[in-house]
Amino acid sequence: MSIDKDRKRLAQKHNLEWIRRDLKATKMVIVYRWDQWVEKKRHTDYFILSELVPQDQIEQVLSEARIGDRYGTENEMEPLIICRSFGGIREDYNEISEEFRLFHNLYHDRKTDTYIKIDDAGNETTVVIVKPGEVQIRLKEIRQFLAIKEMYLSLLFEFNEYSEYSLEELGHSEFEQYDFRRKEAMCWTYDRWDIPVQNFQSISRLRGRKLIEPLPKSKSGFGDFAEEPKYVEFIVDIDDNGDEVYHTCDPYKMRELLGENADAASKYTVVHFRKQVLDKYYNEPSKYTVEDSMVGCPSLWNIKIDNHDPDKVCVFLGELGILPYTEQCHWGQPQYNIPPEGGISETF
């Protein structure tokens, strides 16, 4: 490696930018990383450890004294990742906090060592990825968990860059001397020195802490702040001008037998769809079941349908209100939901 590349690499500007980057809610966050660079003989290694921190200890955690505290000893700290070791008798492994797994009701796929969230519609989202020496968790689920716990997640990081050149040969660095810095919810230090080990002559070290803040409870989607049910509107009629008439499948906004919502459609109003609306379910037989007069995702949802016509599918408006919102959106797409023509089949 050239001396110019080593000089730039040991300045660690790229590592600082990486750890400080903003992440979208759907991105995975490395919450644990333990590198064994000596065995791999690489020019770089880095470590990331995490812990849950009470809100009243934020200032203490972001102090210079805590940067060197690799594990955290306060009783109030809680682990998110648990490193299991068995004295060499059995292979070491890492596991996520049981509280976190149960909080999100995650399914553990032991073949891939991933943790999966399954929503009411049966859609799967990978939330946790466990690899040898590394654990990643999706940011959205981290911040939801922190909101209910009323805690922050502290990420202790350390980046080590090694060079085959001495500091004298490398010359000036933009971070020339040891310095403690803090900006918002992150603090760090930088240092470098000569260290003759293996084929290397020098090292630079960037070490610090970054805090991930919780979502506001009102945005967490849990407890009293769980999202209100949402409902799609479907074509239920054609008016005198030939315009399509829509009505929600919200069960509380349908006509009742006792006269409530007298001008509304009833739960037995028939909604019509092109036959292709069922292709999604036929194409995933391991997940969905389509039978005479029924379609469903086993144990999660199922609705009665009239699928006996060669060109269309009919469903009662009240049945559509049973579907999870994402499934309602599928049925409500313009290419599927059509104006009513004719009635339900004699077979149905």
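A residue is called buried when its relative accessible area is under 20%, exposed when it is over 50%, and partly exposed in between, with a 1.4 Å probe and protein chains only. The model is predicted, so that local features need pLDDT of at least 70 and side-chain atom pairs count only at pLDDT 80 or more, while totals for chains, interfaces and linings use all residues. Residues are numbered from 1 along each chain as its sequence is written, and side-chain values use heavy atoms, with hydrogens and water left out.

**Exercise 1.** Determine what share of the chain is buried, and set its radius of gyration (taken over C-alpha atoms) beside the globule rule of 2.2 Å times the number of residues to the power 0.38.

*Solution.* Begin with burial: of the 348 residues in the chain, 42% are buried. Next, the rule gives a radius of gyration near 20 Å for a compact globule of 348 residues, whereas the chain has 29 Å. Finally, the C-alpha trace spans about 90 × 50 × 40 Å along its principal axes.

**Exercise 2.** Identify the buried residues of helix 1 and the elements against which they pack.

*Solution.* Helices (H or I, at least four residues) and strands (E, at least two) are DSSP runs numbered from the N terminus, and the chain holds eleven helices and 20 strands. In helix 1, residues 3-11, the buried positions are Asp6, Arg9, Leu10 and Ala11. Last, glutamine 12 follows helix 1 with a positive phi, near 65°.

Conventions:
Contact means heavy atoms within 4.5 Å.
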